[in-house]
Amino acid sequence: MNKDELTTNEKARKKERFLQNRFILAELVKKGIRLKYRRSYLGILWSLLEPLLSMIVLTIVFGTLMGEKTREFPVYILSGRLLYSCFSQSTTAALKSIRANSSIIKKVYVPKMLYPLSSILFNYVIFLISLIVLALVAVVLGVYPTLYLFQAIVSLFVLLLLSLGCGLILSTVGVFFRDMEYLWNVGLMMIMYTSAIFYRAKKLLGSRWSFVLKANPLFCVIENFRSAVFGEAMNLKYLAYSFTFSVVAILVGILIFKKNEDKFILEI
């Protein structure tokens, strides 16, 4: 067998493995969605009702506390709430993914990285469905789409990258350090309060504590997404920072995952 034939066969095997892994990933995503709504009467409908009910409560509470009487304030809250929930739920699921699938990992060989990836992707799919609520609420409250709305695609893509990067890092750390689940809950609370979900970001950005918001890449993603929703140009500095942070997180996540995945079997 000559060198060209070996190269062709190697490419064919790589293509076959890629297609096989893609199929497994798709099945894991479907399984995640099914399990999330198992024994639930509302099913996927809850993904639409839950953010809507949360928006109503947050609008009443924080709108009253801060004297917000603007008609579009519920849209402001809902847009931040949806993106934060996607990041929170996907990273938390990724953190637990290796341990949650320990029985399968011990019996069947599947590339281990597919587990945190599927955990993030199925939550992201559910999040995309929940955006229907945001669209309906925006139209009802008079926040109509403009050409700037296409910017939202960029923000949603960066949100996915950010979730993937943080999720891969957490999935590795979570195998060796079980207390990470509790620490991450605390971390998510801090991220939530520095993401300007239920208060106007400009109130803090105009103070000496503005760096607290700007250091949070999720805040940058949320602000650019809101700009798209409300018909404004996105902040390019926020975009550059959040995108760079996400790419670096993905590279670090892949590196430490690959370096430690063979040790997972000893810890789960």
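## Cavity definition and count

A cavity is a set of points, on a 1 Å grid over the protein atoms alone, where a 1.4 Å probe fits but cannot get out. Grid points are joined across faces, edges and corners, and a volume is the space filled by probe spheres set on the points. By this rule there is 1 cavity of 30 Å³ or more, and the largest cavity holds about 40 Å³.

The structure is a predicted model, in which local features need pLDDT of at least 70 and side-chain atom pairs count only at pLDDT 80 or more, while totals for chains, interfaces and linings use all residues. Residues are numbered from 1 along each chain as its sequence is written, and side-chain values use heavy atoms, with hydrogens and water left out.

## Lining of the largest cavity

The lining (residues with an atom within 4 Å of a point) consists of S155, V158, C220, V221, N224, M234, L239 and S242. Of these residues, 5 are nonpolar, 3 are polar and none is charged.

Helices here are DSSP runs of H or I with at least four residues, numbered from the N terminus. At least two lining residues come from each of α6 (151–176), α10 (217–229) and α11 (236–260). The most come from α10, which supplies 3 residues.

S97 sits in helix α3 (residues 73–100).

The S97 side chain reaches the backbone oxygen of A94 at 2.7 Å. Leaving aside residues up to four places away in sequence, S97 touches Y115, P116, S119 and S171 (contact: heavy atoms within 4.5 Å).

Notes:
On a 1 Å grid over the protein atoms alone, a cavity is a set of points where a 1.4 Å probe fits but cannot get out, and a pocket is an open set with protein on both sides within 12 Å along at least five of seven lines; lining residues have an atom within 4 Å of a point. Ala, Val, Leu, Ile, Met, Phe, Trp, Tyr, Cys and Pro count as nonpolar, Asp, Glu, Lys and Arg as charged, and the others, Gly among them, as polar. A polar contact is a pair of N or O atoms within 3.5 Å; within protein, one must be able to donate a hydrogen and the other to accept it, and residues adjacent in sequence count only if both atoms are side-chain atoms.
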